[in-house]
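Hi,

Here is the structure I promised to pass on.

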Amino acid sequence: MKDCIFCKIVRNEIPSYTIYEDDVVKAFLDISQGTPGHTLVIPKKHIANIFEYDPELAAQVFSRIPKIARAIKASNPDIKGMNIVNNNGQIAYQSVFHSHFHLVPRYTTHDDFAMIFKDNSNKYSPDDLKKIQTNIIDHIGD
Ligand code: AMP
Ligand code: ZN
């Protein structure tokens with residue numbers, strides 16, 4: 001897509017600190033470096049978000065993530081773990097609308113990454129959960 005910043009990175013029209021690329025994906029340092037080594041993995045094909053993947057592209061992209069994650073982890077003995085984050089839609093904090101996966105190395109409990117979601121389990125009865133379950137199951141396609 002012409003005006004997409006990540007498509008421009010794929011075409012090398014704007015610079016990036018690329019750490020891996022092949023015919024399907026490109027992985028490059030996130031400019032924000034939430035923690036050192038913070039990397040984005042993107043499909044070279046422009047798709048906006050998770051809702052637009054077909055099974056083949058999903059398999060191709062996801063299958064490449066572990067080896068990129070392992071390389072990042074191996075690059076620094078202080079990396080103790082990694083969060084993999086994928087934001088979809090503005091409400092979910094997506095700011096670049098070319099699908100991407102954040103690989104965020106974790107160093108300590110007080111490094112610069114946090115992810116918080118509340119535990120609302122006390123607000124849901126088994127019936128409520130059953131309704132949610134059924135509704136989603138009804139929408140699972142092929
Ligand atoms: P998200 O908020 O999930 O859409 O993440 C978009 C990410 O893209 C942010 O973490 C930005 O720091 C990052 N970003 C934006 N422009 C660039 C760029 N030119 N090179 C590398 N990372 C970028
Ligand atoms: Zn794009």
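Predicted model: local features only at pLDDT ≥ 70, side-chain atom pairs only at ≥ 80, totals over all residues.

Asparagine 49 is buried: its relative accessible area is 15%, and the cut-off for buried is under 20%. Asparagine 49 sits in the loop that joins β3 to α2 (55-74). If you want a sense of distance from there, take glycine 81: the two are 32 residues apart in sequence, and their C-alpha atoms are 25 Å apart in space.

Glutamine 94 belongs to the loop between β4 (81-85) and β5 (101-106). With a relative accessible area of 4%, glutamine 94 counts as buried, and its side chain reaches the backbone oxygen of alanine 48 at 2.9 Å. Threonine 39 is part of strand β3, which covers residues 39-43. Its relative accessible area is 0%, so threonine 39 is buried too.

Now the ligand, which I guess is what you will open first. Ligand 1 has 16 residues around it, and the closest are Asp30, Asn87, Tyr93, Ser95 and His102.

- Asparagine 87: an N or O atom of its side chain is 2.9 Å from an oxygen atom of ligand 1.
- Serine 95: here a backbone N or O atom is involved, 2.6 Å from an oxygen atom of the ligand.
- Histidine 102: a polar atom of the side chain lies 2.8 Å from a ligand oxygen.

On its own, ligand 1 would expose 500 Å², and the protein buries 81% of that. The space that ligand 1 takes up is the largest pocket. Two elements give two or more residues each to the shell around the ligand, namely α1 (5-10) and β2 (25-29). Of these, α1 gives the most, with three residues. By type, the shell comes to nine nonpolar residues, six polar ones and one charged.

Most residues other than glycine have a negative phi. Asparagine 12, however, has a positive phi, near 60°. Where is asparagine 12 placed? It is in the loop between α1 and β1 (18-21), and it is exposed, with a relative accessible area of 55%. Glutamine 33 also has a positive phi, near 45°. That residue lies in the loop between β2 and β3.

Last, the overall picture. The protein chain has three helices and five strands, and from the N terminus on they follow the order α-β-β-β-α-β-β-α. Along the principal axes, the C-alpha atoms fill a box of roughly 50 × 35 × 25 Å. The chain has 142 residues, and buried ones make up 37% of them.

Cheers

Definitions and conventions:
Residues numbered from 1 in each chain as written. Chains lettered and ligands numbered in written order. Heavy atoms only, no water. Near = heavy atom within 4 Å. Polar contact = N/O pair within 3.5 Å; in protein donor to acceptor, adjacent residues only side chain to side chain. Areas by Shrake-Rupley, 256 points an atom, 1.4 Å probe, with all protein chains shown as cover. 1 Å grid on protein atoms, 1.4 Å probe; cavity = no way out; pocket = protein on both sides within 12 Å on 5 of 7 lines; lining within 4 Å. Sits in = over half its atoms within 2 Å of the grid points. Helix = DSSP H or I, 4+ residues; strand = E, 2+ residues; numbered from the N terminus. Nonpolar A, V, L, I, M, F, W, Y, C, P; charged D, E, K, R; others polar. Buried < 20%, exposed > 50% of the residue type's maximum accessible area, 1.4 Å probe, protein only.
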